[in-house]
Amino acid sequence: MGKDIHTEAVDLLLEAILCLENKEECYRFFEDVCTINELLSLSQRFEVARMLKENRTYLEIAESTGASTATISRVNRSLNYGNDGYDIVLSRLKEQKKI
């Protein structure tokens, strides 16, 4: 069984993220909290999810993002069996015409 992420520390981190008011504040916070590689990995996974939702092939996604097929597969598993987090934000970004 996996670790429970629902902790007070995670709650506080999420509250901190929710209080950010704009993209510049997000950049400043995430550059402090994450390493550059961690942030780039998160953004790569998000791009993979977006492309999978567009029914792009693993080969297209790998070539475009540089993600491994293992990463693409993990993101695909989250899209199919996860908690719908990707779907929530992707649909909101689409509604806002940001993607």
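Where is the place of Asn22? Select Asn22: the residue sits in the loop between helix H1 (8-18) and helix H2 (23-33). Helices here are DSSP runs (H or I, at least four residues), numbered from the N terminus.

Before moving on, note that this is a predicted model, in which local features need pLDDT of at least 70, side-chain atom pairs count only at pLDDT 80 or more, and totals for chains, interfaces and linings use all residues. Residues are numbered from 1 along each chain as its sequence is written, and side-chain values use heavy atoms, with hydrogens and water left out.

**Stop 1: Asn22**

Colour Asn22 by accessibility. Its relative accessibility is 38%, so Asn22 counts as partly exposed (buried is under 20% relative accessible area, exposed over 50%, partly exposed in between; 1.4 Å probe, protein chains only).

Now show its side chain. A polar atom there lies 3.2 Å from the backbone nitrogen of Glu24. The side chain of Asn22 also reaches the backbone nitrogen of Glu25, at 2.8 Å. Both are polar contacts (a pair of N or O atoms within 3.5 Å; within protein, one must be able to donate a hydrogen and the other to accept it, and residues adjacent in sequence count only if both atoms are side-chain atoms).

**Stop 2: Glu38**

Draw a distance from Asn22 to Glu38. These residues are 16 apart along the chain, and their C-alpha atoms are separated by 21 Å. Glu38 lies in helix H3. Glu38 is partly exposed, at 41% relative accessible area. A polar atom of its side chain lies 2.8 Å from the backbone nitrogen of Thr35.

**Stop 3: the aromatic pairs**

How many aromatic pairs does the structure hold? There are two. For one of them, select Phe29 and Phe30: the ring centres are 5.5 Å apart and the planes stand at 85 degrees, so this pair is edge-to-face (centres within 6.5 Å make a pair; planes over 60 degrees apart are edge-to-face). Phe29 is partly exposed, with a relative accessible area of 21%.

**Stop 4: the largest pocket**

The pocket holds about 1800 Å³ of space (on a 1 Å grid, an open set of points with protein on both sides within 12 Å along at least five of seven lines; lining residues have an atom within 4 Å of a point).

Next, show H1, H2, helix H3 (36-53), helix H5 (69-81) and helix H6 (85-95): each supplies at least two lining residues. H3 gives the largest share, nine residues.

Technical notes: On a 1 Å grid over the protein atoms alone, a cavity is a set of points where a 1.4 Å probe fits but cannot get out, and a pocket is an open set with protein on both sides within 12 Å along at least five of seven lines; lining residues have an atom within 4 Å of a point. Grid points are joined across faces, edges and corners, and a volume is the space filled by probe spheres set on the points. Rings of Phe, Tyr and Trp (its six-membered ring) pair if their centres lie within 6.5 Å; planes under 30 degrees apart count as stacked, over 60 as edge-to-face and the rest as tilted.
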